[in-house]
Each structure stands twice: as C-alpha cells, then as structure tokens.
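Here is a friendly walk through a single protein model. Have the sequence and the 3D view open as you read.

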Amino acid sequence: MKAVAFFDVDGTLVPGISSAVHLAGHLGRADAVAEAEAAWDAGLVSARYVEELDARGWAGTSETQIREWLGVLPLVDGIAEVVEWCVDHDVIPALATLAWHPVGVYLCETFGFVDTCGPRLEVRDGIYTGIPLSSYDSEAKRDFAVRFAKERGLTLDRCVAVGDSLSDLPLFAEVGLAVAFNATERARALADVEVTGRDLRAVLPSLENWLGSQ
C-alpha cells in the first residue's frame, strides 16, 4: 500500500449540518445539539460536554431506528467514486471523525471506508441507554490516525487528511497532505490545498498530484 487517506465526516462528507444535529432533529433536540456544538467550536465547552448532552437524547432509541435515520443523512456527491479511486491507487480510505461511532460504521458499510473512530454509546438489547462510553476530541482523532497508519507500516507524512474545521487541525499539522474541503478559515490556513464544491471528487486532482510526487 502507498498511503492512507483520512476523511472527516461532519462538514466534509456531511455538508451544512452535522450528523449529530441530523439525528437530533429526528429526536426533537436539534437546536440544543447545534447550540452545544457551536459552543465547543468557540472553545466554551469540552467535547465531552457535547457528547453527554447529545447522548441523553438517544436514550430509548433503537439501533434499527438510528440506522434508518442515517439512511437519509445528507451527503456530498462523489463519495463512492473517491473511495473507489483510493482502492484503485493503493490508498486506504478511512474515516477520522468526531461523529458518533454508529455514523462512521454506517458510512464504512455504505461506501467501503476501511475503519472509523469516534465516540461510542452504550447499547443494551439493541436500545441506546443515553450513556456515552468513550470521548473523542481533536487530539484523539489525530491519535487514531497515528495508530491506524502505524499498524500498516506508515507514518502520518505518508497520509492525506481531508477535512473542514477545528477538529481537523491537529491531523492537518502532521499529515503529508492536508486538504481543506469547504473549510473554515482556520482550517484553510493550515491546509496545503483548498477545495470547494458539492462533489468530493473535487479533491482527487490534489490527491493524484501528491501521490505522484511520493
């Protein structure tokens, strides 16, 4: 294998809204979760605070119901084609995200990403209890990428990260190619390449150029 490409979920694969807010909308808690995420982005609360607030809304909801709601999750175009390009070019496609683990699993199973990270929730008999089992912040996301690459004999300078915002910054600082896709000003400032659009395939020329230079 030549490299790993890590893709963020919220704001990158999921445009305009986070997967957490999408699911919270079905649970009648979209405003509360959106406000908590905005407070985290502003540095006012911790990732754990947001996770605990959001997780409470999942209590009593089944894994089957969450999966059904994920089936209508808004996504950018071209995800399947980008994953296919990665496979064809000996690049491992993976998710590096703060989205809930069930979201990452759904995207892995739907599009072929190899693995995902993200916080987990307690489940009993197929029903979510509303209790978060693990927490993920920006550094944990970066650390997942380090472990994932190392298990495949690679370092982060042999990896690509495609992301859009605050949670991507630690990973952007260490990978061989950081691609800001529809990104915030802070993410664009640290990225090697800026790309905008509604189709993920817009990042492929940058990936091709970088891979060809390795």
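## About the model

This model is predicted; local features need pLDDT of at least 70, side-chain atom pairs count only at pLDDT 80 or more, and totals for chains, interfaces and linings use all residues. Residues are numbered from 1 along each chain as its sequence is written, and side-chain values use heavy atoms, with hydrogens and water left out.

## The sheet

Let's begin with an open sheet of five strands, which run in the order β2-β1-β5-β6-β7 with parallel pairing. At its edges stand β2 (91–95) and β7 (193–195), each with a single partner strand, so one side of each has no neighbour in the sheet. On average, neighbouring strands are turned by 20° against each other, direction ignored. Strands here are DSSP runs of E with at least two residues, helices are runs of H or I with at least four residues, and both are numbered from the N terminus. Two strands pair if DSSP finds at least two bridges between them.

Strand β1 (residues 3–7) pairs with β2 in the parallel sense over five bridges. Here A3 stands opposite V91, and V4 stands opposite I92. β1 also pairs with β5 (residues 159–163), again in the parallel sense, over four bridges; the partner of V4 in β5 is C159. Helix α5 (residues 79–88) packs on the sheet, touching β1 and β2, and its direction makes about 140° with that of β2. Such angles run from 0 to 180 degrees between N-to-C directions, with axes fitted as lines to C-alpha atoms, for helices over the stretch in contact. Contact means heavy atoms within 4.5 Å.

## Strand β1 from both sides

Five of the five residues of β1 are buried, so the strand is largely enclosed by the rest of the structure. Buried means under 20% relative accessible area, exposed over 50%, and partly exposed in between (1.4 Å probe, protein chains only). A3, A5 and F7 cover one side, while V4 and F6 cover the other.

F6 has a relative accessible area of 1%. Leaving aside residues up to four places away in sequence, its contacts include A94, F144, F148, V160 and L171.

In α6 (residues 101–111), the buried residues are H101, P102, V103, G104, Y106, L107 and C108. They pack against α1, α4 (63–70), β2, β3 (121–124) and β4 (127–132). Just after this helix, G112 takes a positive phi of about 100°.

Helix α10 (residues 204–212) contains S206. S206 counts as buried because its relative accessibility is 14%. Not counting residues up to four places away in sequence, S206 touches L177, V193 and V195.

## The largest pocket

The largest pocket has a volume of about 590 Å³. A pocket is an open set of points on a 1 Å grid over the protein atoms alone, with protein on both sides within 12 Å along at least five of seven lines; lining residues have an atom within 4 Å of a point. Grid points are joined across faces, edges and corners, and the volume is the space filled by probe spheres set on the points.

Its lining has 25 residues, of which D10, S18, E37, W40 and L98 lie nearest the centre. α1 (19–26), α2 (30–41) and α3 (47–56) each supply at least two lining residues, and α3 gives the most, with four. By type, the lining residues divide into 11 nonpolar, seven polar and seven charged. In this scheme Ala, Val, Leu, Ile, Met, Phe, Trp, Tyr, Cys and Pro count as nonpolar, Asp, Glu, Lys and Arg as charged, and the others, Gly among them, as polar.

Conventions: 1 Å grid on protein atoms, 1.4 Å probe; cavity = no way out; pocket = protein on both sides within 12 Å on 5 of 7 lines; lining within 4 Å.
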